[in-house]
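Hi,

Here is the structure I promised to pass on.

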Amino acid sequence: MKYLIAALAGLAVAMPALAQLTDVHIAQQTRAKNACPALVARHDAAVTAGKVSSYYAEDCACLADSITWEGWDEIYEEPTGEFMSEADAMLVADTLSSAATIDDAMTLIYESISLPGSAVLSNCFGK
């Protein structure tokens, strides 16, 4: 029984650390923000060439900014208290750096991001 109590106490201490921002989040947000001008240029060129798009330049900025935001609960319409993982932050930054259009970036991100990371992106599109 004392091992169970010790394990639960350790988990209670570790839980807040799981939901905190790190230097990795900040660095990936900077990378993502720096990638937006080039992505928007590629996106605009594709739209000019006839590609139909559901997204705008502001959506790239929102994706980049969301790396340091809490998730959004669609049902209760309140913050979840969880941030995206460092791996999700890297996924967003890498994708914004390399995708051909914002539409392509959104598809690639949503195919790979975790559920908490998806909840964070809801801040941009789900409200």
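Let me start with a helix pair: α3 passes α5 in a left-handed crossing, where left-handed means that the near helix is turned anticlockwise from the far one by less than a right angle, and right-handed means clockwise. The axes of α3 (residues 57-66) and α5 (residues 102-112) come within 10 Å and cross at roughly 35 degrees. Those axes are lines fitted to C-alpha atoms, for helices over the stretch in contact, and the angles run from 0 to 180 degrees between N-to-C directions. On the α3 side the contact is made by A57, D59, C60 and L63, and on the α5 side by I102, M106 and I109; contact here means heavy atoms within 4.5 Å. By type, the residues of this contact divide into 6 nonpolar, no polar and 1 charged.

Before I go on, some ground rules. This is a predicted model, so local features need pLDDT of at least 70 and side-chain atom pairs count only at pLDDT 80 or more, while totals for chains, interfaces and linings use all residues. Residues are numbered from 1 along each chain as its sequence is written, and side-chain values use heavy atoms, with hydrogens and water left out.

The overall layout

The chain has 6 helices and 2 strands, in the order α-α-α-β-β-α-α-α from the N terminus on. Helices (H or I, at least four residues) and strands (E, at least two) are DSSP runs, numbered from the N terminus. Of the 127 residues in the chain, 34% are buried, with buried meaning under 20% relative accessible area, exposed over 50%, and partly exposed in between (1.4 Å probe, protein chains only). If you take contacts between residues at least 6 apart in sequence, 72% join residues at least 24 apart.

Back to α3, and on to α6

α3 also packs with α6, at an angle of about 145 degrees and with the axes 9 Å apart. This crossing is right-handed. D59, C62, L63 and S66 of α3 meet V120, L121, C124 and F125 of α6, and these residues divide into 6 nonpolar, 1 polar and 1 charged.

Within α3, the buried residues are D59, C60, C62, L63, A64 and S66, and what covers them includes α2, α4, α5 and α6. D65 touches Q29 and K33, leaving aside residues up to four places away in sequence. Its C-alpha is 9.6 Å from that of L121, 56 residues apart in sequence.

In α6, G117, A119, V120, L121, S122, N123 and C124 are buried. They pack against α3, β1, β2, α4 and α5.

The core

Which residues have the most contacts inside the largest nonpolar core? They are L39, C60, M84, V92, L96 and I113, in a core of 23 residues. A nonpolar core is a set of buried Ala, Val, Leu, Ile, Met, Phe, Trp, Tyr and Cys residues joined through side-chain atoms within 4.5 Å. At least two residues of this core come from each of α2, α3, α4 (86-98), α5 and α6 (115-125). I113 touches M84, D88, L91, V92, S118 and L121, again not counting residues up to four places away in sequence.

β1 (residues 70-73) and β2 (residues 78-83) pair in the antiparallel sense over 3 bridges; two strands pair if DSSP finds at least two bridges between them. They form a hairpin with 4 residues between them, and E77 in the turn has a positive phi of about 50 degrees. D73 stands opposite E78 in β2, and the bridge partner of W72 is P79.

Finally, A46 lies in α2 (residues 23-48). Not counting residues up to four places away in sequence, A46 touches K51 and T101.

Cheers

Conventions:
Ala, Val, Leu, Ile, Met, Phe, Trp, Tyr, Cys and Pro count as nonpolar, Asp, Glu, Lys and Arg as charged, and the others, Gly among them, as polar.
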